[in-house]
Amino acid sequence: MNPLNHVAIIMDGNGRWGLKYKNSRNAGHKAGLHTVEKIIKETINQKIQYLTLYAFSTENWKRPKAEISYLFSLLETFLIRRIDDLHRQNIKLKIIGVKNFTIKLNKLLSSAEKKTSKNSKLQINLALNYGSKFELINAIKNMIKKKDKINETNLIKYFQTKDIPDPDILIRTGNTKRLSNFLLWQIAYSEIFFEKKLWPSFNDQDYKRVIKKYKTIKRNFGNV
Ligand code: IPE
Ligand code: IPE
Ligand code: MG
């Protein structure tokens with residue numbers, strides 16, 4: 001049975017779910033938040049140490065302003081309402097990506113990170129304004145600036161995921177088989193599950209099925 005330390009998820013399909021059931025993309029984003037809660041719970045049940053959630057990509061700025069501000073207002077409300085409880089549950093929150101939002105949201109994010117920084121049951125990495133290409137370019141620039149020898153160890157020490165093991169599992173919901181600039185380096189050997197269901201319809205049973213399947217896969221890492 002494969003050990004399981006890190007699950008990364010591309011939470012895709014909110015907009016389509018919202019349009020289909022509520023005639024509004026934003027309603028899909030709201031519903032998606034319930035799935036986030038369910039998945040966090042099951043991740044704890046499964047005793048998995050790291051959960052990385054792709055919430056907003058560097059490319060998502062192309063979306064209509066109203067959708068972007070709705071997404072960030074959902075996040076604000078979530079942080080205000082839920083951070084104390086997450087803290088009580090010994091969950092650590094870390095943001096990966098560049099925090100260049102409103103002053104209010106930047107502060108909320110930083111204080112949530114600070115508050116939970118010593119927690120150890122589960123680390124949630126929330127990918128916000130995250131893009132893997134930016135992360136790579138930034139790391140390369142740093143290596144050059146610091147006159148580091150160019151090698152793997154020196155490159156990854158400038159990633160925001162530097163202290164986090166690479167994902168064992170990558171899940172993308174929403175019936176699309178692409179990576180959309182997410183953790184391109186880190187998923188070199190991840191087991192990838194493309195799920196048909198839209199994110200708000202994805203549930204803990206689906207999650208458990210993926211985990212069960214993962215555990216039986218023969219991971220070679222180039223070996224035989
Ligand atoms: C993913 O759902 C959530 C974010 C990108 C914030 P989408 O909003 O991309 O949903 P679809 O893919 O349009 O259905
Ligand atoms: C990926 O979904 C980003 C997140 C889930 C946050 P997108 O919906 O933005 O991806 P594309 O544009 O369809 O590739
Ligand atoms: Mg999408």
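Trainee: Which pocket is the space taken by ligand 2?

Mentor: Keep in mind that this is a predicted model. The space taken by ligand 2 is the largest pocket, and ligand 1 also sits in the largest pocket.

Trainee: Which residues surround ligand 2?

Mentor: The shell is read from the residues that have a heavy atom within 4 Å of the ligand. For ligand 2 these are Ile 10, Met 11, Asp 12, Tyr 54, Ala 55, Phe 56, Asn 60, Arg 63, Arg 172, Arg 178 and Ser 180.

Trainee: Which side chains have a polar atom close to an oxygen atom of ligand 2?

Mentor: A polar side-chain atom of Arg 178 lies 2.7 Å from an oxygen atom of ligand 2, while the side chain of Asn 60 places an N or O atom 2.8 Å from a ligand oxygen, and for the side chain of Arg 63 the corresponding distance is 3.2 Å. As for cover, ligand 2 on its own has 390 Å² of accessible area, of which the protein covers 79%.

Trainee: Which residues come nearest to ligand 1, and how does its shell divide?

Mentor: Of the 13 residues around ligand 1, those that come nearest are Asp 12, Gly 15, Arg 16, Arg 25 and Arg 63, and the shell divides into three nonpolar, five polar and five charged residues. Here the polar contacts include backbone atoms: an oxygen atom of ligand 1 is 2.7 Å from a polar backbone atom of Arg 16, another such distance, to the backbone of Asn 14, is 3.1 Å, and an N or O atom in the side chain of Asp 12 is 2.8 Å from a ligand oxygen. Taken alone, ligand 1 exposes 380 Å², and the protein buries 88% of that. Helix H1 (14-22), helix H2 (25-45) and H3 each give two or more residues to this shell, with H1 contributing the largest share, three residues.

Trainee: How should I read a pair of aromatic rings?

Mentor: Such a pair is described by the distance of the ring centres and the angle of the planes. The whole structure holds twelve aromatic pairs. In one of them, the rings of Phe 56 and Phe 72 have centres 4.9 Å apart and planes at 50 degrees, so the pair is tilted.

Trainee: Which parts does that pair tie together?

Mentor: Phe 56 lies in strand S2 and Phe 72 in helix H3 (residues 65-88), so the pair links parts that are 16 residues apart in sequence. Phe 56 is also one of the residues surrounding ligand 2.

Note on methods. Residues numbered from 1 in each chain as written. Chains lettered and ligands numbered in written order. Predicted model: local features only at pLDDT ≥ 70, side-chain atom pairs only at ≥ 80, totals over all residues. Heavy atoms only, no water. Polar contact = N/O pair within 3.5 Å; in protein donor to acceptor, adjacent residues only side chain to side chain. Areas by Shrake-Rupley, 256 points an atom, 1.4 Å probe, with all protein chains shown as cover. 1 Å grid on protein atoms, 1.4 Å probe; cavity = no way out; pocket = protein on both sides within 12 Å on 5 of 7 lines; lining within 4 Å. Sits in = over half its atoms within 2 Å of the grid points. Phe/Tyr/Trp six-rings, centres within 6.5 Å; stacked < 30°, edge-to-face > 60°. Helix = DSSP H or I, 4+ residues; strand = E, 2+ residues; numbered from the N terminus. Nonpolar A, V, L, I, M, F, W, Y, C, P; charged D, E, K, R; others polar.
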